[in-house]
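I opened the model to look up two things. One is a contact between chains, the other a single side chain.

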Amino acid sequence: MSRTALGVLALSLLFVGSLFVGATPLSPMDVTTPEARALIWDSRLPRAFAVVLTGASLAIAGQIMQLIARNRFVEPMTAGTGQSAMLGLLVVSVCLPAASVGLKMALSAFAALIGSIGFFAITRRLPPEEPLLVPLVGIVYGGVIGSAAVYIGFQLDMLQYIDIWLTGEFSGTMRGRYELLWIAGLAAVLSYLVADQFSILGLGETVSLNLGLNYRQVVLSGLVVISVVTGLTVVTVGAIPFIGLVVPNLVSRLVGDNLRRSLPLTAMAGAGLVLASDIFARLVVHPFEVPVATVIGIIGAAVFLWMLYGRAQHVS
Amino acid sequence: MIEVQNLSHDIHGAPILRDISVTVPKGGVTALVGPNGAGKSTLLSLMARLIPRQQGRITVDELVVGESDDKDLARRLAILPQTVHAASRLTVRDLVGFGRYPYHRGRPTPDDRAMVEDGMRLFDLLPLAERSLDTLSGGQRQRAFVAMTYVQDTDYLLLDEPLNNLDLAASRALMARLRDLADNKDRTVIIVLHDINFATAYADRVLVMKEGRLCADGAPQDVITETLIQSVFETDAPLRTVEGRPVVMV
Amino acid sequence: MYRNRLLLLTLALLACALAYLFTGVKGSLEFALMFRGKKLAALLLIGAAQAVAAVMFQTISGNRILTPAIMGFDALYVLILTAAVVALGAPAYQQLDPGLLMLTNATLMCAAAVMLFGLLLRKGQGDLMRMLLTGVVLAVMLRSITGLLQRVIDPSEYAVVQAASFARFSRAETDLLGVSALLCCGALGLAWRMRHRLDVLALGPVASTSLGEPPLRGQRRALLLISVLVAVSTALVGPVAFFGLLVSALTYLVLPTYRHAILLPGSALISGVILVGGQWALERVFAFTTPLSVVVEFLGGVVFLLLLMKGLKR
């Protein structure tokens, strides 16, 4: 069986399984009762969709960010994009408290875009022979923007919101409150259409120009995808670390760096990882739950460390 | 005398050195040559306790590497590693001064300072004494590190491919100086070299390594032959004898 | 020349301390001095601990951008604290003597840090990128495990832990001052005794081996001291991510030398000036309510980025 088919199968199993995990007990036998249907329709199914959309689009955003930065160790949530989205959201909530959710999201994504452009403006000036500087600068840059947000939050007594945006979780997801995530999914799908151009970006500006690519335009469109995905995720579920980092790295080890081939797998693996983590988050202190960001912080970190050390032994 | 007995070494399961036994007597210049991956640097690093020993035994005079006190070994044997990079804020004088650390442990005496000045004079570093390392050229920095190793005043000097960043003139000058240390100051020099012609020109003895084994050992004119070049380096470069010593035609 | 700068820094710190103690006293001077004196002592301890820990860590890891905080030392401390609360239960935990608790936590912290970061330094030798990423990822992981534990315990226990998870310079835990001062001064004294060895360790593992200073032993000793210092600072105010970075960067700027005999006291002085001066300015001049930690984080990050960009242009 091909990898793709296997992935689809595993993902479907996780998806269906996730419908029957939660505070209210629900077994597959009961699905015919109206209460069960309402539960699935209003809460479980939206949650499963939200999880899949978030996981897939964050993984793709991470992949694109890594290609633009030409560095395998950056991702939106740790390089200022997530923090910018948060800061933007905070400013909008303060200045335009009456704004609609859609407007808040748009402005938050816009802030994320500005933040990412700022990040790349800095990293472009870093020497290419020092790849470690890029993630480091990203972390500090994100920390600066984050502390600006904390400052505002502290002044206006809005720290608890920041806490919510900082740790992503799906417990509040239900019908009518997650649908904007489909836009993030759409952005991720659109990026598949220009996958070849993103792949070429990963070879650098000179090669891109040589191949007749409009470098700036492709970079900008990549940044727009990253920002939309990050902004929407922060607004609806909060920040989730590591997905954008771990998933693309693992997938690229499996199938290489040709996006046209790897992007679907990246999306599936991202969705699967977040789904599995979310199921675990619901089970570990049942009937309560743990934020999925916390679970992924542990799992993602463990996987990442394994990637760094487990594999390197064979290479050298 | 450095004695290596039955030394074997693995890195991640891959054998790098296989049962090497060799003795380097006091005095003279000994060159380690061989193709890439032969284990030359590993052998040198093991002698200098830069990597922990796995199997076998190495002694430097009466000191056992890995068991004797580090301070004693540091006064007996110094190594110049392949890649040198250090805190760039150091001046040349600071760096060379560290060569005396095994003796004064942070409190230099006037004697120590005099030796540092002496070392800088010997390696023409006095004009650069107050320059910081990151403003120097690769060759100048290399010279500063060699001077530091010299000032350490050890009987044994181990150098791992010191000619890597040097042009022809600097390479010849460095080799001539090492030759001088061996001839006139009673130092023992063990040096990893890539260019066989440098080895035949300056060394008293060559140790040829391939795939973790020692495959030839002796005076350059006896050891370096066309057959050896073919079997060890797997290339058929012709060999000529010029003024009594073998020269590989590249 | 560095001696003069150290003298100037000492004077600046004295001025800040006096200003902090004596300006804007309302009511009883005696009471104010008592109260402020304790806070001042706490600030000075934290400052010295953070600064010396950062400089030492940068020396043994051979770079100028990693700090114990970035590598997750304080996250490790908070995790140990949380684990202790979970294991003992909050009521039992709170009945124990805080000084004794802190000693125990600091000991556990030393053991864990030497195991974890010792391994890291050994494995990551010469591969800074891998070490850096490991540290950053490890920090996230430790924080996440802490978060998980905090979710598992009940809210009353959570409050006990929470006090240690957020940095508040203005609300330093002054009850722990005695034990902290003891631990901190001991560690600082030992660090001072290591100053010449640190000079050699800064040359890198090969050169320091060749000079008879085995890097592993030096690293382990430094890690122990760093753990104690971070434990003290974290117990007093909670984690402060970029403060150590800010201080060490400023130290290298003000005192461009490799000698730890200058760097260690210099960094402690600079850090004291920033903390005491900053706290004084925030409390008395601007009457701000924002915690200094937030401002320091922000400034620390900005200074770091500026330094980096400036350094690269050169």
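**Interface of chain B and chain C**

I looked up the buried area first: chain B and chain C bury about 1,900 Å² between them, 60% of it on carbon and sulfur atoms. Buried area is the accessible area (1.4 Å probe) that two parts lose on being put together, summed over both. This is a predicted model, where local features need pLDDT of at least 70, side-chain atom pairs count only at pLDDT 80 or more, and totals for chains, interfaces and linings use all residues. Residues are numbered from 1 along each chain as its sequence is written, chains are lettered from A in the order in which they are written, and side-chain values use heavy atoms, with hydrogens and water left out.

I noted 27 residues from chain B and 22 residues from chain C in the contact (heavy atoms within 4.5 Å). I found 2 salt bridges between the chains (a side-chain nitrogen of Lys or Arg within 4 Å of a carboxyl oxygen of Asp or Glu). One of the salt bridges joins C:R217 to B:D70, at 3.4 Å from N to O.

**B:R179**

I then went to B:R179, in helix α7 (residues 168–184) of chain B. Helices here are DSSP runs (H or I, at least four residues), numbered from the N terminus. Is B:R179 buried or exposed? B:R179 counts as buried because its relative accessible area is 18%, and the cut-off for buried is under 20% (1.4 Å probe, protein chains only). A polar atom of the B:R179 side chain lies 2.7 Å from the backbone oxygen of B:Y202. Beyond neighbours within four places in sequence, I listed B:V29, B:Y202, B:A203 and B:D204 as contacts of B:R179.

Notes. Helices (H or I, at least four residues) and strands (E, at least two) are DSSP runs, numbered from the N terminus. Buried means under 20% relative accessible area, exposed over 50%, partly exposed in between (1.4 Å probe, protein chains only). A polar contact is a pair of N or O atoms within 3.5 Å; within protein, one must be able to donate a hydrogen and the other to accept it, and residues adjacent in sequence count only if both atoms are side-chain atoms.
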